[in-house]
Amino acid sequence: VQLQASGGGLVQAGGSLTLSCAASARTFSSYAMGWFRQAPGKEREFVAGINWSGRATLYLDSVKGRFTISRDNAENMVYLQMNSLKPEDTGVYYCAAGPAYTRSGTEYDYWGQGTLVTVSS
């Protein structure tokens, strides 16, 4: 599975961005998907996950109510809608695919290259 993340950029605090992740797999709908981020000097952390059907989601507590993960299995796409962005949301965002939508990065088998999100104060 090849994953290509896009949509990052520079945004002011309070603004919005939508990240996209395009997957190459014909069996995309069988994978759970996740978004992770890594801020400068910090470890990678889980942001959001979604199961294969899109009916179940999971979020980092600090992004609940601000971020929404979704997927389009017909288009092999997963999205992360980010609203009310804060400077602490800054980081490189990665999409990942695996058998289950867990918070653990080790449970995901495939990773995209990352897209940089910078939120200015």
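Reader: Where does Asn83 lie?

Author: Asn83 lies in the loop between strand S8 (77-82) and strand S9 (91-98). Strands here are DSSP runs of E, at least two residues, numbered from the N terminus. This is a predicted model: local features need pLDDT of at least 70, side-chain atom pairs count only at pLDDT 80 or more, and totals for chains, interfaces and linings use all residues. Residues are numbered from 1 along each chain as its sequence is written, and side-chain values use heavy atoms, with hydrogens and water left out.

Reader: Why is Asn83 called partly exposed?

Author: Its relative accessible area is 29%. Buried means under 20%, exposed over 50%, and partly exposed in between (1.4 Å probe, protein chains only). The value of 29% therefore makes Asn83 partly exposed.

Reader: Which residues is Asn83 in contact with, leaving aside neighbours within four places in sequence?

Author: Gly15, Ser16, Arg66 and Phe67. Contact means heavy atoms within 4.5 Å.

Reader: What makes the link between the side chains of Asn83 and Ser16 a polar contact?

Author: The distance is 2.9 Å. A polar contact is a pair of N or O atoms within 3.5 Å; within protein, one must be able to donate a hydrogen and the other to accept it, and residues adjacent in sequence count only if both atoms are side-chain atoms. So 2.9 Å falls inside the limit. The side chain of Asn83 also makes a polar contact with the side chain of Gln81, at 2.7 Å.

Reader: How many aromatic pairs does a search of the whole structure find?

Author: Five. One of them joins Phe36 and Tyr108.

Reader: What makes Tyr108 and Trp111 an edge-to-face pair?

Author: Their ring centres are 6.3 Å apart and their planes stand at 65°, so the pair is edge-to-face.

Reader: Are Phe36 and Tyr108 buried or exposed?

Author: Phe36 is buried, at 1% relative accessibility. Tyr108 is buried too, at 4%. Trp111 is partly exposed, at 28%.

Definitions and conventions:
Helix = DSSP H or I, 4+ residues; strand = E, 2+ residues; numbered from the N terminus. Phe/Tyr/Trp six-rings, centres within 6.5 Å; stacked < 30°, edge-to-face > 60°.
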